[in-house]
Amino acid sequence: MLRDQNNQLSIYSILYNKIPENHTLKLLDNAIDFGFITKSLEQSYNKFYGRPAKHPELMLKLLILQYLYNLSDERVIEEASLNLAYMWFLGINPDETLPDPSLLSKFRVHRLQEVTLDEIIVEIVKQCVEKGIIKDTGISIDATHTKANTFKATPERVIKRLAKKIFKTYEKEVGLLPEEINQSIPDYKEISDNKEAKRVMKDYLESEMNKIESAIILKECPKTKKVLENAKQILEDPKFIEQRGARSIVDQDARVGHKSRTDHFFGYKDEYIITTENRIITAITVADGAYVDGTRFNELIELTKKTGLEIKEVYGDKAYFKKPILDKINEIDSIPYIPVSEMAYKIDEERFGYNKDSDEWFCNQGNKTARKKHRNDKSGKQTYKYYFEKSICKNCTQRQECIKSSSKVARILEVGINTPEFYGYSQQQKTKEFHKKYKKRACQEWKNGEMKNFHGLDRARGYGLGSMSKQAKLTAIAVNLKRIAAILSSKLLTKFNFPLTIFDIFTKRVKFDLILV
């Protein structure tokens, strides 16, 4: 049951006068109205029946403190019981008791949903935009990785652990295993051929699973059936044996991803949009490690638009140089600052140039294309074939280097269907303005380091995509509030003509925790 919040002050509330007005948490509490949290979460509570629950605003603020200062469930409750600034931020009296740490876990799992966290991120940024705290017009998108909270196992080891889990679950639920079950799991390490080892382990597990299924036909074994269903899903995935599927039975959503050709990781990818000047995260999504950057670009852009920001510039690395992304950026009347990807655009611009008005390609020997032809091959790939003037190609001094086949009279330039459009982006990126503007994208690297080094995003706290998604979004909320406090404190110092130097911070007795990264 959701009860009304107690707003009555106790005699001990006078202690809050000791908290300086420029304290980080006091600045945040004065700038952001967190009352919307209750409205967002009230549907997950019954207002009239059941045991009175802890107020959702209090619970979410505890989670914010937890991620802001990188604390465990137990530690954040302990600190909040002693720290006056924490109590002020939570909106409780100094003599009030805090919830048990176990309730934080229940609140995260049962109350907080991904949609709710997206709404909270959007609402906080929206309030700052409306109050003039954030005035950015440029945004940047990038993805960073988070390691899974478990190790990466081979398919053979995963199968071995699945077999043990099935046997153990059956024994707990029914009693002794049937005599026909072979509990001697093959030792895959003794098999030198990896493919053979995988085949042997898979055949063994499937055989024993069939025996257990036959044994539980007339029995009520919901837990065993659930474990068997899970094992089937893993084995039936064609990517599993190829080591591109589940690599752990503890965290079955984590996947192997690539940071480079030689550097791999096992875990998740966090993709987010950040403002380039104030470095505020406007939207974030989480996927498994095999996620392709830019797949959920439209979703992130739509969430960013809800914040009320006027988007004029969009920054990204080469992974985001894709036709759908560029089209979406143009659709919202923004300018893309994204380097051309060699995978999408493969033209030697020292030899060829393009005129978009006449739709003609020119070579460095003065020839131009006379006609073009649209081509669609069997695989569905679409290209354009541009044919150069035969008479000029025939007498060209560079003919032998340009036309390798002796049967061809003139050069034929085959390009991707989007190449003519990409040529314009390629020319734009050679300008000084592009190189100067593109430096703004560096804000993304700073934010990656901040979230990983100071807020625990380098490693998952729990298991599964749902848990990882909540961790990433709560981290985004924490670093956003941290950054908002820095902006507010900077304005406060400027208002009183306090220079931002270490000497003046101490001589003028300005609280050091205001100067946040």
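Predicted model: local features only at pLDDT ≥ 70, side-chain atom pairs only at ≥ 80, totals over all residues.
Student: Which helices are α9 and α10, and how do their axes lie?
Tutor: Helix α9 spans residues 194-215 and helix α10 spans residues 222-236; their axes come within 11 Å and cross at roughly 150 degrees.

Student: Why is α9 called roughly antiparallel to α10?
Tutor: Angles over 145 degrees count as roughly antiparallel. The crossing is at roughly 150 degrees, so α9 is roughly antiparallel to α10. The crossing of α9 past α10 is left-handed.

Student: What makes the contact between α9 and α10?
Tutor: From α9 come Lys202, Leu205, Glu206, Met209, Ile212 and Glu213, and from α10 come Thr224, Leu228, Ala231, Lys232 and Leu235. These residues divide into six nonpolar, one polar and four charged.

Student: How do you know that β9 and β10 pair, and in which sense?
Tutor: Pairing requires at least two bridges between two strands. Strand β9 and strand β10 (residues 382-388) have seven bridges, in the antiparallel sense, so the pair meets the definition. His374 stands opposite Tyr384 in β10.

Student: What is the strand order of the open sheet?
Tutor: The order is β9-β10-β11, three strands with antiparallel pairing.

Student: Why are β9 and β11 called edge strands?
Tutor: Each of β9 (369-376) and β11 (412-416) pairs on one side only.

Student: How are neighbouring strands of this sheet turned against each other?
Tutor: On average they are turned by 25 degrees, direction ignored.

Technical notes:
Residues numbered from 1 in each chain as written. Heavy atoms only, no water. Helix = DSSP H or I, 4+ residues; strand = E, 2+ residues; numbered from the N terminus. Axes fitted to C-alpha atoms, helices over the stretch in contact; angles between N-to-C directions. Parallel < 35°, antiparallel > 145°, perpendicular 65-115°, else oblique. Left-handed = near helix turned anticlockwise from the far one by under 90°. Contact = heavy atoms within 4.5 Å. Nonpolar A, V, L, I, M, F, W, Y, C, P; charged D, E, K, R; others polar.
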